[in-house]
Amino acid sequence: MDKKKVAVPLVCHGHSRPVVDLFYSPLTPDGFFLISASKDSSPMLRNGETGDWVGTFEGHKGAVWSCCLDTNALRAASGSADFSVKLWDALTGDELHSFEHKHIVRACTFSEDTHLLLTGGVEKILRIFDLNRPDAPPREVDNSPGSIRTVAWLHSDQTILSSCTEIGGVRLWDVRSGKIVQTLETNSPVTSAEVSRDGRYITTADGSTVKFWDANHFGLVKSYDMPCNVESASLEPKFGNKFVAGGEDMWIRVFDFHTGEQTGCNKGHHGPVHCLRFSPEGESYASGSEDGTIRIWQMGPASHDENDSVPGNGTTGKVKVSADDIARKIEGFHITGEGETTGKEIATDA
């Protein structure tokens with residue numbers, strides 16, 4: 001009997017609690033980067049291609065639910081259970097500003113032009129902060145029907161997308177009027193919403209379904225039933241012919257976008273998969289799990305015999321890099337040992 005071929009991911013350790021959000025930067029002159037949010041209160045920045053750890057953003061006092069990088073990967077933002085969104089210098093690790101909220105923040109994202117920061121959370125309020133005037137009060141849109149779970153920009157920052165924790169549907173808001181202009185109906189709460197790189201599709205995960213919506217006309221393009229409840233899905237950005245989905249059964253499945261046929265099933269996580277995102281060129285994708293690890297999976301033909309021994313950090317060797325190596329790569333980033341406990345109080349998860 002032939003040995004079954006299985007994909008071998010690059011395993012990125014460092015977080016001490018579940019990984020709940022992942023975000024890839026676009027390609028920059030220095031490559032592309034991956035930022036991760038975890039309940040351990042410390043977002044981490046990595047080289048998006050190799051998984052090498054660049055540094056840890058330190059300052060939150062509670063679980064971090066959301067993270068993002070701006071278009072040039074020069075600034076990062078993170079939303080936390082400590083009622084704040086923090087803006088960071090992604091080159092040095094310095095905290096640039098802390099935007100205070102009145103309850104847990106579940107989502108944050110930079111506008112396409114990088115001048116605005118959008119946040120949402122348990123308060124049911126969308127806030128738009130002007131990063132050119134960080135001390136100015138934000139613009140508030142406060143008629144969300146539920147606690148906000150995800151947010152995104154589309155239509156060149158003219159439209160905002162949001163989903164709620166307790167109720168189904170995706171709401172599309174006109175930024176100028178602050179009104180809901182369209183609701184994409186789903187049977188279950190949307191746990192993941194992604195706008196495709198070319199702006200054509202919105203990919204959503206709700207319950208055991210992955211849906212693709214026309215981002216300009218808002219019609220449902222495709223809907224596929226999954227083998228289990230899925231928490232996250234991501235569309236391959238370059239050709240748009242594949243997508244990945246993962247959730248409670250700990251497996252990551254690869255599907256054909258046009259037919260919905262499952263073309264791969266990757267096993268490796270030891271807990272539910274909370275987040276999945278493709279790299280900017282679609283050559284790999286990253287998954288974050290309840291088990292506290294990030295795994296980077298290659299889309300290429302590389303395979304590995306299931307019975308062969310697998311190095312702990314995948315086929316490219318160790319992920320961990322020394323502080324001296326990091327200092328040479330990005331001078332001045334304030335780092336701690338990967339996976340160190342800092343003794344910070346972590347707010348109750350929500």
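Modeller: Let's begin with a pair of charged residues: R149 and E231 meet in a salt bridge through their side chains, at 3.7 Å from N to O. Keep in mind that this is a predicted model.

Biologist: Why is the contact between R149 and E231 called a salt bridge?

Modeller: The cut-off is a side-chain nitrogen of Lys or Arg within 4 Å of a carboxyl oxygen of Asp or Glu. For R149 and E231 the N to O distance is 3.7 Å, so the pair passes. In general, side chains of opposite charge can pair when their charged atoms come close.

Biologist: What makes R149 and E231 a tie between separate parts of the chain?

Modeller: R149 lies in strand 15 (residues 148-154) and E231 in strand 22 (residues 230-235), so parts 82 residues apart in sequence are tied together.

Biologist: Is E231 buried or partly exposed, and how do you know?

Modeller: Buried means under 20% relative accessible area, and exposed means over 50%. E231 has 22%, so it counts as partly exposed.

Biologist: How many salt bridges are there by this rule?

Modeller: The count comes to 12. One of them joins E194 and R277, at 3.6 Å from N to O. E194 is in strand 18 (residues 179-195) and R277 in strand 26 (residues 273-278), 83 residues apart. Both E194 and R277 are buried.

Biologist: Which residues do salt bridges with shared partners join into one network?

Modeller: That network is made of E123, R127 and E140. Within it, the side chains of R127 and E140 meet at 3.1 Å, N to O.

Biologist: Why is R127 called buried while E140 is called partly exposed?

Modeller: R127 has a relative accessible area of 6%, which is under 20%, so it is buried. E140 comes out at 42%, between 20% and 50%, so it is partly exposed.

Biologist: On to the rings. How many aromatic pairs are there?

Modeller: The count is 10 aromatic pairs. One of them is F212 with F257, with 4.9 Å centre to centre and 85 degrees between the planes.

Biologist: Why is the pair of F212 and F257 called edge-to-face?

Modeller: Ring centres have to lie within 6.5 Å, and planes over 60 degrees apart count as edge-to-face. F212 lies in strand 20 (residues 209-214) and F257 in the loop between strand 24 (252-256) and strand 25 (262-266), so the pair ties together parts 45 residues apart in sequence. F212 and F257 are both buried.

Biologist: And what makes Y224 and F243 a stacked pair?

Modeller: Their ring centres are 5.8 Å apart and their planes are at 10 degrees; planes under 30 degrees apart count as stacked, so that is the label. Y224 is in strand 21 (residues 220-225) and F243 in strand 23 (residues 242-247), 19 residues apart. Both Y224 and F243 are buried.

Biologist: Which residues do ring pairs link into a cluster?

Modeller: The cluster holds Y201, F212, Y224, F243, F255 and F257.

Biologist: How do you know that the charge of K267 sits over the ring of W251?

Modeller: The charged end of K267 is 4.1 Å from the ring centre of W251, and the distance limit is 6 Å, alongside an angle limit of 35 degrees from the ring normal. Likewise, R106 lies over the face of W65, 4.0 Å from the ring centre.

Biologist: Why do you say that strand 16 and strand 17 pair?

Modeller: Pairing needs at least two bridges. Strand 16 (residues 159-164) and strand 17 have 5, in the antiparallel sense, so they qualify. I160 has W173 in strand 17 as its bridge partner, and a hairpin of 3 residues joins the two strands. Strand 17 also pairs with strand 18, antiparallel, over 6 bridges.

Biologist: What makes strand 17 mostly covered?

Modeller: In strand 17 (residues 168-174), 6 of its 7 residues are buried.

How values were computed
Residues numbered from 1 in each chain as written. Predicted model: local features only at pLDDT ≥ 70, side-chain atom pairs only at ≥ 80, totals over all residues. Heavy atoms only, no water. Phe/Tyr/Trp six-rings, centres within 6.5 Å; stacked < 30°, edge-to-face > 60°. Helix = DSSP H or I, 4+ residues; strand = E, 2+ residues; numbered from the N terminus. Buried < 20%, exposed > 50% of the residue type's maximum accessible area, 1.4 Å probe, protein only.
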